Amino acid sequence: MATDPRRFAPATVRNRDAILHVLKGHLPSSGLVLEIASGSGEHVVHFAQAHPLELSFQPSDPTPEARASIDAWVASAGTPNVRPALDLDASSPTWPIDRADAILCINMVHISPWAATEGLMRGAARLLSTGGLLYLYGPYRRGGQHTAPSNASFDEDLRRQNPAWGVRNLEDVSALAVSNGLGEPKVFEMPANNLSLVFRR
């Protein structure tokens, strides 16, 4: 009997509706949405089911196991507006896609080296047209300070796992975005001391 390649991320069930609420006010009504670091694939299926078929979703992840999980979730959910997962590393100078109307990146910035965020911003500058959306979600420091004790503990745990990881300063991420041709973000407070950042090209 074949094993089910689908992965399950408990945090997804907790945060997906709050994220969707923000996205509903900012995603275009049609076009292509690229998701960077799609992970299990649960987010992209949830978002695609909540939007009309005129809006297509392109998941991606650099790991084969994640891509297998994404495609399995899409197959089991029967979401026709989700494309097969791409092998895409945000830090790479070249991506296997040349345009998008919006880019989503959920919980990657703190669980990856800073080079991945640098690559993400360069990629957004290449792929997005004027007015295109870059959406980020996760925990951030504000003014160099953690917004909650739980975020400070999470940051310490991340850095123990990999010194190149960690909760980033919102101001550093915003400055990097601006240096790549994006505007200052709209910031939305989210449950569990996370933030939604909405940038426009």
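**Close-up views of helices in a predicted model**

**View 1. Helix α2 packs with helix α3 at an angle of about 35°.** In this predicted model, helix α2 spans residues 42-49 and helix α3 spans residues 64-77, and the axes of these two helices lie 8 Å apart. The crossing that α2 makes with α3 is right-handed. On the α2 side the residues that take part are E42, V45 and Q49, and these meet W73, V74 and A77 on the α3 side. Sorted by class, this contact of α2 with α3 is made up of four nonpolar residues, one polar residue and one charged residue.

**View 2. Helix α1 has a kink of about 40°.** Helix α1 covers residues 10-24, which makes 15 residues, and the kink is centred on R16. From its first C-alpha to its last, α1 reaches 22 Å, which is close to the 21 Å expected at 1.5 Å a residue.

View 3. The buried residues of α1 are T12, N15, I19, L20, V22 and L23.

**View 4. T117 is a buried residue in helix α4.** Helix α4 runs over residues 114-127, and T117 has its place there. T117 counts as buried because its relative accessible area is 0%, whereas the cut-off for a buried residue is under 20%. Leaving aside residues up to four places away in sequence, T117 touches M108, V109 and L176.

Note on methods: Residues numbered from 1 in each chain as written. Predicted model: local features only at pLDDT ≥ 70, side-chain atom pairs only at ≥ 80, totals over all residues. Heavy atoms only, no water. Axes fitted to C-alpha atoms, helices over the stretch in contact; angles between N-to-C directions. Helix = DSSP H or I, 4+ residues; strand = E, 2+ residues; numbered from the N terminus. Left-handed = near helix turned anticlockwise from the far one by under 90°. Contact = heavy atoms within 4.5 Å. Nonpolar A, V, L, I, M, F, W, Y, C, P; charged D, E, K, R; others polar. Expected span 1.5 Å × (residues − 1). Bend = angle between axes of the 7 residues up to and from the residue. Buried < 20%, exposed > 50% of the residue type's maximum accessible area, 1.4 Å probe, protein only.
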